[in-house]
Amino acid sequence: MKKNICIKKNALVEKLGIHIEDNNGYAPIASRILAYVILTGKVGTTFEDLVSVLCASKSTISTHLNYLTDLKEIEYFTKTGDRKKYYVITSNKIKSHINTMIHKWEVEKELHQEIRDYKDDINKIETTIEEEKFDLTFHNNYIQFLNQAITSISKLDIDNINL
């Protein structure tokens, strides 16, 4: 059973790592480190674990751990009597990510509302020929989608997220 979980975790580290790499522009190893830290959870992972699991050199792991720490993607804690650092995802990372998404969607919604309103004004004053009028369906549907997405994600209790 434990072997199956390790295989599943390693496959998910790779899949999540690629996703992080594509969306954040991080180097492949930094993305895999972040993915591994996310999947390890509150227990934390050590430098030695990362070197072993990701099959990378100590200097490479160290460089990318420092990079991710500087970006405040990860943080570490220590245990009494243990000299090791245990890396975990930064506690406010999810909250920050969600707030960034909401802001991006709100800006995009406002832009589409302005475009739709402009096209509607043009439709009213410049032409009476139906075929020449702007079709506002896409903008209306997209604005509705963004409203629903913002409402849905805003319902998450991001102040009490406990990973």
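Helix H2 is mostly covered, with 10 of its 13 residues buried, where buried means under 20% relative accessible area, exposed over 50% and partly exposed in between (1.4 Å probe, protein chains only). Helices (H or I, at least four residues) and strands (E, at least two) are DSSP runs, numbered from the N terminus. Keep in mind that this is a predicted model: local features need pLDDT of at least 70, side-chain atom pairs count only at pLDDT 80 or more, and totals for chains, interfaces and linings use all residues. Residues are numbered from 1 along each chain as its sequence is written, and side-chain values use heavy atoms, leaving out hydrogens and water.

**Helix H2 and its cover**
- The buried residues of H2 include Ile29, Ile33, Leu34, Tyr36 and Val37.
- Among the elements that cover them are helix H1 (2-24), helix H3 (47-54), H4, strand S1 (74-78) and strand S2 (85-89), with contact meaning heavy atoms within 4.5 Å.
- The end C-alpha atoms of H2 (residues 28-40) are 18 Å apart, which agrees with the 18 Å that its 13 residues should span at 1.5 Å a residue; the expected span is 1.5 Å times one less than the number of residues.
- Just after H2, Gly41 takes a positive phi of about 80°.

- Ile61 lies in helix H4 (residues 58-70) and is buried, with a relative accessible area of 0%.
- Not counting residues up to four places away in sequence, Ile61 touches Ile29, Ile33, Phe47, Leu50, Val51, Leu54 and Ala56.
- Ile102, in helix H5 (residues 93-125), counts as buried at 12% relative accessibility.
- Ile102 and Ser154 are 52 residues apart in sequence, yet 7.9 Å apart in space, C-alpha to C-alpha.

**Aromatic rings**
- The count comes to five aromatic pairs, taking rings of Phe, Tyr and Trp (its six-membered ring) whose centres lie within 6.5 Å; planes under 30 degrees apart count as stacked, over 60 as edge-to-face and the rest as tilted.
- Tyr26 and Tyr67 are edge-to-face, because their ring centres are 5.8 Å apart and their planes are at 85°.
- This pair links distant parts of the chain, 41 residues apart: Tyr26 is in the loop between H1 and H2, and Tyr67 is in helix H4.
- Tyr26 is buried at 10% relative accessible area, whereas Tyr67 is partly exposed at 37%.
- Phe138 and Tyr142 form a stacked pair, 5.5 Å centre to centre with 10° between the planes.

**Lysines over rings**
- Lys79 lies over the face of Tyr86, at 4.1 Å from the ring centre; the rule asks for NZ of Lys or CZ of Arg within 6 Å of the ring centre and within 35 degrees of the ring normal.
- Lys85 lies over the face of Tyr76, at 4.4 Å from the ring centre.
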